Amino acid sequence: MELNRRTVIAGAAAAGVAATTLGTGTAQAAAGSGKPVKELFGKLADGTKVYRWSLENGGTRLKVLSYGGIVQSLEIPDRHGRHANVVNGFDNVDDYVAKSPYFGALIGRYGNRIGKGQFTLDGKSYQLSVNDGVNSLHGGAKGFDKHVWDVEPFTRGSDVGLHLHYTSVDGEMGYPGTLRTKVTYTLNRHGEWRIDYEATTDKPTIVNLTSHVYWNLAGEGSGTVEDHELRIAASRYTPTDAGLIPTGELAKVAGTPFDFRHAKPIGRDIRAGHEQQVQAKGYDHNWALDKGITAKPEHVATLRDPRSGRTLKIATDQPGLQFYSGNFLDGTLTGTGGRTYRQGDALCLETQHFPDSPNHANFPSTVLRPGQTYRTTTIHTFGA
Ligand code: GLA
């Protein structure tokens, strides 16, 4: 959608980070489960270096940028053992800064939208940065996806991973409280990719962190994902208004195109003409997971590409899952493999609290108070 592209670019411009690139380098992660390898990926306009970390374990190869904690590449094998990069991305910093629709990025402080960028907490009203029409999307004009994170590699037993740190100062993008954030990416010996999010605050605030990876299990840039089969363990979803802000209703998926309780190809009902789909140009909704908030991550979604046999299973402790069918990809972005991304050429599955929760008393709370630690985990298990 034009609106989104424009707002993303406006965000980058506001951040003053028109960038220059130094090339992508050639370092490879050591085979097996060696230590993460660091290389220079490029530089921001102000000279800040952006590094790329490569790690590999259990057949999964992950490349992560210090800018936005972006997953730039994620390779997994197909049923014949052939690896492919299954996430959308760019091969240079400039494109990430200038025009990325959050490819692979860490999202904060608040994943998805907050209506008019406004909320009230403890009787005080806050106005957030507005960057999607009248609404605030993915943390505002300069969200966590547009900051350089401190990255610290680790190996622990047979695990390899990265700790990513970012401190968001009190008032940044309009959010109250200094938020200290730590995100850990871990690859275990089974090739599972785990994300652990942690945050603390010094004033009451709201928080909802997520990861914005665009998946195409047939390989990024290989065409539509409409033949991918998806299952989501949710009997209800949160319908939205025209600006994609939840109305507050929890609607039943039964008898609608939103029913993914049994695996079905994404394309099967995507043109069914349901008003919620017409409005969103496809699927761009939050599914209220049947399990609700859980102490431990539970399996909530499975994605499968019948051609390659590759599967992705997602487990989370979060109450919601945003399934976005790549509706705003419009053939204007060229990815890492040199091919353009068109509508529906990738999809996102964002584990999260419900969009606009601070404005809906019936949605689970996203409030974080001093002395509390926000903790959430999402696990991606791959197969073929
Ligand atoms: C999320 C939103 C979409 C869109 C993408 C980025 O998934 O729900 O509406 O903004 O991010 O383009």
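1. Strand S12 (residues 159-168) and S13 run antiparallel and are joined by nine bridges, and within this pairing Thr167 has Arg180 in S13 as its bridge partner. Strand S13 itself spans residues 179-187 and is mostly covered, since seven of its nine residues are buried. The hairpin of S13 and S14 has five residues between the strands, and Gly191 there takes a positive phi near 80°. Please keep in mind here, and in every point that follows, that this is a predicted model.

2. Is S25 enclosed or open to the outside? Five of the five residues of S25 are buried, so the strand is largely enclosed by the rest of the structure. In a regular strand the side chains alternate between the two faces of the sheet. In S25, Gly320, Gln322 and Tyr324 point one way while Leu321 and Phe323 point the other way, and all of them are buried.

3. Turning to the ligand, 15 residues surround it, and the closest are Asn112, Arg113, His212, Asp284 and Glu350. By class, this shell has seven nonpolar, five polar and three charged residues. Polar side-chain atoms lie at 2.7 Å from a ligand oxygen atom in the case of Arg113, at 2.8 Å in the case of His212, and at 2.3 Å in the case of Asp284. Taken alone the ligand exposes 300 Å², and the protein buries 99% of that area.

4. Arg113 lies in strand S7 (residues 113-114), and its side chain is joined to that of Asp132 by a polar contact of 2.8 Å. Why does Arg113 count as buried? Its relative accessible area is 4%, and buried means under 20%.

5. The aromatic residues form another theme, with 24 aromatic pairs found in a search of the whole structure. The rings of Phe119 and Tyr126 have their centres 5.1 Å apart and their planes at 20°, so this pair is stacked, and both Phe119 and Tyr126 are buried. Phe258 and Trp287, by contrast, form a tilted pair, with 5.7 Å from centre to centre and 40° between the planes. Phe258 lies in the loop between S20 and strand S21 (264-265), whereas Trp287 lies in strand S22, so the pair ties together parts that are 29 residues apart in sequence. Both Phe258 and Trp287 are buried.

6. Apart from these two pairs, one aromatic cluster is formed by Phe90, Tyr96, Phe103, Tyr214, Tyr324, Phe328 and Tyr341. One of these residues, Tyr324, is also among the buried residues of S25 described above.

7. A last point concerns Asn92, whose place is in the loop between strand S5 (83-85) and helix H2 (93-99). Asn92 counts as buried, at 12% relative accessibility. Which backbone nitrogen does the side chain of Asn92 reach at 3.2 Å? That nitrogen belongs to Asp94, and the backbone nitrogen of Asp95 also lies 2.9 Å from a polar atom of the Asn92 side chain. Asn92 and Lys43 are 49 residues apart in sequence, and their C-alpha atoms are 9.4 Å apart in space.

Methods. Residues numbered from 1 in each chain as written. Predicted model: local features only at pLDDT ≥ 70, side-chain atom pairs only at ≥ 80, totals over all residues. Heavy atoms only, no water. Near = heavy atom within 4 Å. Polar contact = N/O pair within 3.5 Å; in protein donor to acceptor, adjacent residues only side chain to side chain. Areas by Shrake-Rupley, 256 points an atom, 1.4 Å probe, with all protein chains shown as cover. Nonpolar A, V, L, I, M, F, W, Y, C, P; charged D, E, K, R; others polar. Helix = DSSP H or I, 4+ residues; strand = E, 2+ residues; numbered from the N terminus. Buried < 20%, exposed > 50% of the residue type's maximum accessible area, 1.4 Å probe, protein only. Phe/Tyr/Trp six-rings, centres within 6.5 Å; stacked < 30°, edge-to-face > 60°. Pairing = 2+ DSSP bridges.
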